[in-house]
Every structure is written in structure tokens, then in C-alpha cells.
Amino acid sequence: MTSTTTNTRPPWLALAGPTASGKTAAALAIVRAQRARGGPPVEVISVDSALVYRGMDIGTAKPSAAERAEVPHHLIDLIEPTGAYSAAEFAQAARRLVDEIHARGARALLVGGTMLYFKAWLEGIDPLPAADPAVRAALDARAQAIGWPAMHAELARVDPVTAARLAPADAQRIQRALEVHALTGQPLSALHQRDRQDGSPSPAGPGSLVALEPASRAWLHQRIAERFGQMLDAGLVDEVRRLRERGDLDPGLPSMRCVGYRQTWEMLERAFPATELAERGIAATRQLAKRQLTWLRGMPARRVIACDAPDALAQVLSLAEQAGFLVPER
């Protein structure tokens, strides 16, 4: 299929925000409003690095069967948890999907909280070097000797921008950033950036980014606690237990380092109580939300809506209409 050009594309719309900020509810509000107004149908492109994994449903808050029946969803259940999916792969797939969705006469709504994916979508991403087993082995050996927080401090000296958005215990991402620096001599943050000062258009084409950001951090923390409790009630521990019993997964894989899965895996290994799992899971999710908000603040083109405002959904619909994505009410 020949891609449509950015001049002829209808505008896409993106909904970004930290975990538990209400992105799914906002997306469904747009889908239903468009349908009620007789506008073009909407299809959702997931911007979430955890939703790509098959068999990981509860801890990722994957859209329900009813939600997926109501509106087509893309980039969900792509790979087994043994694999990995990069930001560059996401950006390439998302651009292809936007063209295909528009060719069907529909509109593309990007929804999620993986901010590196959004950055790659909006700005493009330079090719990164492939993993180097020897470099990784050396980094792992050093981390075993001095610990990941000390490795994080080393990263801060060579790539302060990347280090600022990573937790000191985020071994996977610290290792990758140090590996890229070792292989290229450049910080990962520099490779992730594209200079658009020449006025060149975004590779994503015309569209709008709406960010759901809470005015009250306490509101978001309460939502995170409630959501993690719902995941436990829905069977998160049993889900992770089934994943462990497959025999081909380990806690070092990107899939098993996802928030919620990492803590549950540790509980099953060390047999600490469920109350401690909840505490650890909620704390890790809060840290994730903090990093997501830091990323968002670095996206100046976004339109911010306070997701804890009583009229947040009405504001989302208004912005979607202003952006030319949602047809006006008759």
C-alpha cells in the first residue's frame, strides 16, 4: 500500500499521561462522541511497551474484550514475553498503521503512557546499535560488584539527561544507556533527539498531543493504590505464577521487569506476604508515574488537561474538536 502524504492525512490525536490518569476512559469518550455525531470511525493505536506482550493482561491493564470489541485496537499482543520491542519498531509500525487507518476512512487515536514511544513517534529516532553480548556481560559484572545505584551514578556522569529520567534501580535501562555510550561514544539522549530547528515537519504528520496530568499528586496516588488493589483482586499473582511456570522466562527480561510483574515475581521467589507486595507494587507504580510526568514536561507541544478536574472528559472532547479530530456537534 502506498502511504498517504502528510499534506493529505486527516489529523491524528494522541492521549498521553501517567498510569491511572484516565486515558482509557478519555479514549472511549472520544470514540463514543464521534460515533454519536456521525463522524469518521476511530481506531486506537496503543502506545504502551507492556501491552505488546501476550499473556500479560491483568498487570498491564490491557483493554478488556468488551473495549476491544467496541473499537479496534492495534499494537497489542504482538510478541511473546521472551521478546523485546523497541521504540524505533513502534514508530515505524505506528506510522504504517496511521496511513492504513486513514486509507479506510477512519481516524487514528494514539493512547498510552510509554513516553519514549511518543517521542520516537513525534520526533523520529536515530538508529541505535544492536546489543553487544560482551559489553553487556562487562556491565553486568561491574553492576554485581558495585550495584545498580552506583552504575546509575556512572550514567549520570556521561548522560545526565537519561540518568535523570531513570530510577537508580532500573537495571535494564541503565545497562542499555551505558551500553550505547560504550559502543558509540555518545549519550543515548543525544541519539534520541532530532534537531527540528530548521522547521522540518514532524515525521508523524499533522496532529495533536493531549496530556492528562493531575493537578493533585495525591489524587493520582490514590488512583494508583486502588488500581493495584484491583489487579491483585483480579488475579495478578496467579497470572505471574503461570508465566513463571512456562520455564522460558526470567526476571531479567524486559517483560518481567514491567512494574507489577517484577514485584510479584520477587514475592513468589521470596515468599513475602501479599501486603508487602501491594506496598512494593504501589511504590514502584508511583515512581513510574513520576518518570512519565517528567517526560511529558519535556514535550512543549502538548495540550495539558488536569485529569483530576471534574470536567476533564468534557475538556478532552473540546480539545479533540478544536484539533479537527472530533466532528462538531450538530
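Tutor: A residue counts as buried when its relative accessible area is under 20%. Please keep in mind that the model before us is predicted.

Student: Is Trp121 buried or exposed, and why?

Tutor: Trp121 has a relative accessible area of 1%, and therefore it is buried. Trp12 is likewise buried, at 2%.

Student: How does one describe a pair of aromatic rings?

Tutor: One gives the distance of the centres and the angle of the planes. This structure holds 3 aromatic pairs. In one of them, Trp12 and Trp121 are arranged edge-to-face, with 5.4 Å from centre to centre and 70° between the planes.

Student: Where in the chain do Trp12 and Trp121 lie?

Tutor: Trp12 belongs to strand E1 (residues 12-16) and Trp121 to helix H4 (residues 115-123). The two are 109 residues apart, and the pair thus links distant parts of the chain.

Student: Which arrangement do Tyr85 and Tyr117 form?

Tutor: Tyr85 and Tyr117 also make an edge-to-face pair, at 6.4 Å centre to centre and 70° between the planes. Tyr85 is in the loop between strand E3 (73-74) and helix H3 (87-103), whereas Tyr117 is in helix H4, so the pair ties together parts 32 residues apart in sequence. Tyr85 counts as buried at 17% relative accessibility, and Tyr117 does so at 3%.

Student: Which residues do ring pairs link into a cluster?

Tutor: The cluster consists of Tyr85, Phe90 and Tyr117.

Student: Over which ring does the charged end of Arg244 sit?

Tutor: The charged end of Arg244 sits over the ring of Trp265, 5.1 Å from its centre. Arg280 lies over the face of Phe272, 4.1 Å from the ring centre.

Methods: Residues numbered from 1 in each chain as written. Predicted model: local features only at pLDDT ≥ 70, side-chain atom pairs only at ≥ 80, totals over all residues. Heavy atoms only, no water. Phe/Tyr/Trp six-rings, centres within 6.5 Å; stacked < 30°, edge-to-face > 60°. Helix = DSSP H or I, 4+ residues; strand = E, 2+ residues; numbered from the N terminus. Buried < 20%, exposed > 50% of the residue type's maximum accessible area, 1.4 Å probe, protein only. Lys NZ or Arg CZ within 6 Å of the ring centre and 35° of its normal.
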